[in-house]
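Let me put the structure up, and then we'll walk through a few spots together.

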Amino acid sequence: LAPTILAAITLAPSLLAQAEVVGIHFDLSARRMFSSTTDNFVTDWVAHPDTVPGLYYGIDFDASGTNLYALSWNNSHIGLLDEVTGAFTSLGATGMPNNENHGLTAHPDGFTWYAISVDGAGDTQLWRGSIGGAWTTVGTPMGVRLWDIACNSAGELYAESVVTDSLYSIDPITGVETLVGPMGLNLQYAQGFDFDWSDDTLYATISLQLGGGSPGGTRFATIDTSTGLATVLADTTALHAQAEMAIRQGLPCDPVGVPFCDPNELNSTGLSTQISACMPGAGESGLHLEGFNGPPTNFGYFLVGTGVNDPGVVISEGRMCLATTGSNEIGRYNVAGTNRNSIGQFDGAGVLQNLVGTSATGSGFDVPGLLPLTGTPAITAGSTWHFQLWHRDGGVGPTASNFSNGLSITF
């Protein structure tokens, strides 16, 4: 390495919280799965013996840390990746080009994913979609060749370029890239990027080069997202030639709920609006709700009911799936001036952003202890309530509305 580059690399012991790392390493003979930890990457390194049969430069865990997914480099398929054998189970094509697909990352909303592909001119395209669902381009191709991509706990995207040896941020709504700064390293081949959402540290498995393109070994590092500068935690040259990696992490709270009317009708974006739920959240009840895949700029709020009606009653463009017959009742979380108000607006990424200060995260809704039903009853332990999101759908017409899927929650 050139002296200026050597000066930028400072081997530093990790003082950060430990998280589990899983990935694919490329040695001189084959690709194999490995596991390790962020705080003792070399000491805790375990390489598995099976040869990974496919070529995957984009991998990540889902937001719950349960399943490892991969994006095929040379076709448009996304699927489950076995953490030990590397066996790939396709869940369908994404519609991306059939070459140079890489940089897969999960959004903390538990549903949205991002990926990048590179065209023949070396320009990068950002994609947004869901596992087993539709994928669409975000913005136009960027005039820079990016490789891996990672999403932090706030939903912000970062990527690196092996051409400019620099870190970039990417706007998840417009797809526009912004240079953060040089990493201080001479990059070569693929890099692995992922955030530890517990403290939003960006980790990387880095492949270096000497002058003339000769390999310069590999490193495990953190990346400063304000400057782009890399701090090397360990020299990993003896372990692998290069590596892709993902950090296993969980959502801020555990996913809960039994779905019904899932999916509901398509909205004007061509997707079905979805809701998710997790506990314990920040609300009095412990339940936090999120809405996503909605039509951008449109408003909506959550409903709650005492019973389920599946497949539901058609209202405008969707199906209302909360029961209203017999003794059943529905309530609307739009009670102004109280914490029983969930009114929000879908952002450009289709995520419902809370407009009334009733979400600790800024999106979705922290469900309070009292229900917007006759007599204002309280949620009690052992009780079951049913939730759905109702929203405008202006892409169809000024008075059109639609619904999400539903979730039944037992407290």
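Let's begin with N341 and what it touches. If we set aside its neighbours within four places in sequence, N341 is in contact with Y333, N334, V335, A336, V356, T358 and F365, where contact means heavy atoms within 4.5 Å. N341 itself sits in the loop between β28 (330–332) and β29 (344–346). The strand numbers count from the N terminus, and helices (H or I, at least four residues) and strands (E, at least two) are DSSP runs. Is N341 buried or exposed? With a relative accessible area of 6%, N341 is buried; the cut-offs are under 20% for buried, over 50% for exposed and partly exposed in between, using a 1.4 Å probe and protein chains only.

Before I go further, a word on what you're looking at. This is a predicted model, so local features need pLDDT of at least 70 and side-chain atom pairs count only at pLDDT 80 or more, while totals for chains, interfaces and linings use all residues. Residues are numbered from 1 along each chain as its sequence is written, and side-chain values use heavy atoms, with hydrogens and water left out.

Now the whole chain. It has one helix and 33 strands. The radius of gyration is 23 Å, close to the 22 Å that the globule rule gives for 411 residues, so the chain is as compact as a globular protein of that length. That radius is taken over C-alpha atoms, and the globule rule is 2.2 Å times the number of residues to the power 0.38. Taken along the principal axes, the C-alpha atoms fill a box of roughly 75 × 40 × 40 Å. Of the 411 residues, 55% count as buried. Among contacts between residues at least 6 apart in sequence, 53% join residues at least 24 apart. The accessible surface comes to about 15,700 Å², and 54% of that belongs to carbon and sulfur atoms; these areas come from the Shrake-Rupley method with a 1.4 Å probe, and for residues only the protein chains shown count as cover.

How many disulfides does the count come to? The count comes to one disulfide, taking a disulfide as a pair of cysteine sulfur atoms within 2.5 Å. As a reminder, a disulfide is a covalent bond between the sulfur atoms of two cysteines. Here C261 is joined to C321, with 2.0 Å from S to S. The pair links distant parts of the chain, 60 residues apart: C261 is in the loop between β22 (258–260) and β23 (274–279), and C321 is in strand β27 (residues 318–322). The torsion about the S-S bond of C261 and C321 is about -100°, so this disulfide is left-handed. C261 is buried at 2% relative accessible area, and C321 is buried at 0%.

Next, strand β24 (residues 288–292). Five of its five residues are buried. H288, E290 and F292 point one way, L289 and G291 point the other way, and all are buried. β23 and β24 run antiparallel and are joined by five bridges, with Q274 opposite F292. β24 also pairs with strand β31 (residues 365–366), again antiparallel, over two bridges; two strands pair if DSSP finds at least two bridges between them. In β31, D366 is the bridge partner of H288.

There is also an open sheet of four antiparallel strands, in the order β12-β13-β14-β15. β12 (149–151) and β15 (177–182) stand at the edges with a single partner strand each, so one side of each is left without a neighbour in the sheet. Inside that sheet, five bridges join β13 (residues 157–161) to β14 (residues 166–170), and E160 stands opposite L167.

One last stop: H386, in strand β32 (residues 384–392). H386 is buried, at 10% relative accessible area. H386 and V308 are 78 residues apart in sequence, yet 7.0 Å apart in space, C-alpha to C-alpha. Beyond its neighbours within four places in sequence, H386 has contacts that include F260, L303, V308, L322 and L407.
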